[in-house]
Each structure stands twice: as structure tokens, then as C-alpha cells.
Amino acid sequence: MQEVTHKPRVAILEDHDDTREMLRIGLEARFATVAYRSAAELLDALERENFSAIVADIMLPGLDGFGFIKMIRQNVRFADICVIAVTALAMASDREKGIAAGFTAYLVKPITPEEISTVLWNHIGPSQDKSPAA
């Protein structure tokens, strides 16, 4: 009998088309990915869909990554979801602010999808998957 497995679902929040597509393609070997251009789109999707983790840019139009993580952490349904910041904000004070705001991890661009995948896997590997079975 063959074991049925599914990939953890990861939402990508990135407003730049090329970066969003690079992340989606780079992570799809290990994760089922869904990409969003804005925090508002992703917040709307979270009302209907479950994700094991979110990879989020911070510098976004409209609601930025800090506003997004604040909303996520205030909602009991999403308070424990793994949210990885992937950003160009590289100062040590930016990282401290990101972790204090509630990001699970804070990664600075440029970064490869393999590096992001490893960080995600360390936080949400298959035994920790919170998404529903496919």
C-alpha cells in the first residue's frame, strides 16, 4: 500500500512579480504554494484557506508587512502560524523590529529559494503541517 502524502501549504506575499514567481517556483518542490500581491488579498484568502506558513515581504503597498503581522498575531486563528519575513530591510534594528513584531524568522534579500525552503522546513516540516489533507 502506497502512503499518501501532501505538501505543506505556503502563502507567498510579495508585490514584485518576478520575485513572487521566483519564490513560487523555487518553493514548489517541497511546498504547495499560493502567491498574493497584497496583504489585503492574503488576509481575504486566510478567511477561506488554511496555510502552514506564510513567506512575506515587508515593503508592500497599502498594508505593509509590519501591519500584516500585527493583524495575523492578533487573530487567534492565525496567532501561531509560521510567518517568515523576506525583505530588503537589512539593518540589525530592522531585524529586531521584525522579530519583536511577531515574525517567526527574518531573512534579508537577496536570498535563494533553497535557503527560504530550509528555514520553512525547519519550522513546519511534515510533522508540523497545519493545513488540511489534500
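Reader: Where does Pro 110 lie?

Author: Pro 110 lies in the loop between β5 and α5 (113–124). Helices here are DSSP runs of H or I with at least four residues, strands are runs of E with at least two, and both are numbered from the N terminus. This is a predicted model, where local features need pLDDT of at least 70, side-chain atom pairs count only at pLDDT 80 or more, and totals for chains, interfaces and linings use all residues. Residues are numbered from 1 along each chain as its sequence is written, and side-chain values use heavy atoms, with hydrogens and water left out.

Reader: What joins Lys 109 and Pro 110?

Author: A cis peptide bond, with omega at about 0°. Most peptide bonds are trans.

Reader: OK, zooming out. How many helices and strands in the chain?

Author: Five helices and five strands. Starting at the N terminus, the order is β-α-β-α-β-α-β-α-β-α.

Reader: And what share of the residues counts as buried?

Author: 43% of the 134 residues. Buried means under 20% relative accessible area with a 1.4 Å probe and protein chains only; exposed is over 50%, and partly exposed is in between.

Reader: Which residues of α3 and α4 meet?

Author: Phe 66, Ile 69 and Arg 73 from α3 meet Lys 97, Gly 98 and Ala 101 from α4, with contact meaning heavy atoms within 4.5 Å. The residues of that α3 and α4 contact split into three nonpolar, one polar and two charged.

Reader: What sits over the ring of Phe 66?

Author: The charged end of Lys 97, 4.4 Å from the ring centre. The criterion is NZ of Lys or CZ of Arg within 6 Å of the ring centre and within 35 degrees of the ring normal.

Reader: Rings, then. How many aromatic pairs does a search of the whole structure find?

Author: Three. Rings of Phe, Tyr and Trp (its six-membered ring) pair if their centres lie within 6.5 Å; planes under 30 degrees apart are stacked, over 60 edge-to-face, and the rest tilted. One of the pairs is Tyr 36 with Phe 51, edge-to-face at 6.3 Å centre to centre and 90° between the planes. Tyr 36 is in strand β2 (residues 32–36) and Phe 51 is in the loop between α2 (39–46) and β3 (53–56), 15 residues apart.

Reader: Are Tyr 36 and Phe 51 buried or exposed?

Author: Tyr 36 and Phe 51 are both buried. Phe 66 and Phe 103 also form an edge-to-face pair, 6.2 Å centre to centre with 80° between the planes. Phe 66 is in helix α3, and Phe 103 is in the loop between α4 and β5 (105–108), 37 residues along. Phe 66 and Phe 103 are buried.

Reader: Last one: where is Met 22?

Author: Met 22 is in helix α1 (residues 17–27), partly exposed at a relative accessible area of 34%.

Key. Nonpolar A, V, L, I, M, F, W, Y, C, P; charged D, E, K, R; others polar.
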